[in-house]
Amino acid sequence: MAGVTKTYKQYADSVSFWVVKGTYEVYSSHPHLSICGAGRSAAVFKLPEENRVIKVYYPPFESVAKQEYINYMKITDHPQYASLYEVGTNYIVLEYIKGKTAFQCLHEGIHISLDQIKQVDDALGYARTQGLYPSDIHLHNLLITSDGLVRIIDIARFSNPKPCRQWDDLKAGYYKHYRKAYFPTQVPKWLMNTVAKIYRSRYPNRH
Ligand SMILES: Nc1ncnc2c1ncn2[C@@H]1O[C@H](COP(=O)(O)OP(=O)(O)OP(=O)(O)O)[C@@H](O)[C@H]1O
Ligand SMILES: [Mg+2]
């Protein structure tokens, strides 16, 4: 990489954000970094030449880095969760998971099996045995790899003991609609985003 190795902190420091219509977006980042995705609290970049990502939190969410790190410390060595390598004031470094989010799978018509639903149940059950409270399980927080393993990313909110029904609601939707003949093979993004928006406004306390 042009003979210059950067530290994770230098990569994190290279990332800046701006707010566009009330939403944080990446303004600039080191050219070695390539974006994997972004959520409500952070943007995630693939690091060069290693199987790792750096999750850089938006300024108001910097303290979440430590919280997510503490949660990861409770679930080391489980195949369905990413390994954590480093934490800084506004970032964590995690294992890169090559796969598609459940949102992408629905959009692209990639089948989500009953076994994969059970995999999520098992992984969340494991987190509970480690003293965590699985929370905020939505379509962008489940990554499905090419060999069919479901990996759970984003466990920042797993320390919040407030019961979260999101996964139960998603599962109910799966059983009720997904396997029915009328369910579209490919679901348009606008439709999933609209359903998510209605869900959030109808059940503001469920996420
Ligand atoms: N370890 C990883 N490997 C590959 N891609 C990842 C990884 N972690 C996150 N991503 C991608 O980055 C996106 C955002 O990451 P993440 O869910 O951790 O951010 P967030 O801001 O905490 O999300 P939320 O909106 O759910 O709070 C994910 O939806 C996924 O597409
Ligand atoms: Mg997320």
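1. The hairpin of β1 and β2. In this predicted model, two residues lie between the strands of the β1 and β2 hairpin, and Lys21 there takes a positive phi near 45°. Strand β1 covers residues 16–20 and strand β2 covers residues 23–28; the two run antiparallel and are joined by five bridges. One of the facing pairs is Val19 with Tyr24, the latter in β2.

2. The five-stranded sheet. An open sheet is formed by five strands, and reading across it gives the order β3-β4-β5-β7-β6, with antiparallel pairing. The edge positions are held by β3 and by β6 (84–87); each has a single partner strand, so one side of each is left without a neighbour in the sheet. From one strand to the next, the twist averages 25°.

3. Strands β3 and β4 run antiparallel, with four bridges joining them. Within this pairing, Ala38 stands opposite Ala43 of β4.

4. Which strand is joined to β6 by a hairpin? The hairpin leads from β6 to β7, passing through three residues. Strand β7 takes in residues 91–95, and three bridges join β6 to β7 in an antiparallel arrangement. For Glu86, the bridge partner in β7 is Val93.

5. The three-stranded sheet. A further open sheet has three strands, in the order β8-β9-β10, and its pairing is antiparallel. Here β8 (100–101) and β10 (150–152) are the edge strands; each has a single partner strand, so one side of each is left without a neighbour in the sheet. Two bridges hold the antiparallel pair of β8 and β9, the latter made up of residues 142–144. Lys100 has Ile144 as its bridge partner in β9. Helix α4, residues 114–129, lies across β9 and β10, and runs at about 35° to β10.

6. Strands around ligand 1. Which strands each supply at least two residues of the shell around ligand 1? They are β3 (34–38), β4 (42–46) and β5 (52–57). Of the strands, β3 gives the most to this shell, namely three residues.

7. Make-up of the shell. There are 22 residues around ligand 1, and those that come nearest are Arg40, Lys55, His138, His140 and Asp154. Sorted by class, the shell has nine nonpolar residues, seven polar and six charged.

8. From a side chain, an N or O atom of Lys55 is 2.7 Å from an oxygen atom of ligand 1. Taken alone, ligand 1 exposes 630 Å², and 94% of that is buried by the protein.

Definitions and conventions: Residues numbered from 1 in each chain as written. Chains lettered and ligands numbered in written order. Predicted model: local features only at pLDDT ≥ 70, side-chain atom pairs only at ≥ 80, totals over all residues. Heavy atoms only, no water. Pairing = 2+ DSSP bridges. Contact = heavy atoms within 4.5 Å. Axes fitted to C-alpha atoms, helices over the stretch in contact; angles between N-to-C directions. Near = heavy atom within 4 Å. Polar contact = N/O pair within 3.5 Å; in protein donor to acceptor, adjacent residues only side chain to side chain. Areas by Shrake-Rupley, 256 points an atom, 1.4 Å probe, with all protein chains shown as cover. Nonpolar A, V, L, I, M, F, W, Y, C, P; charged D, E, K, R; others polar.
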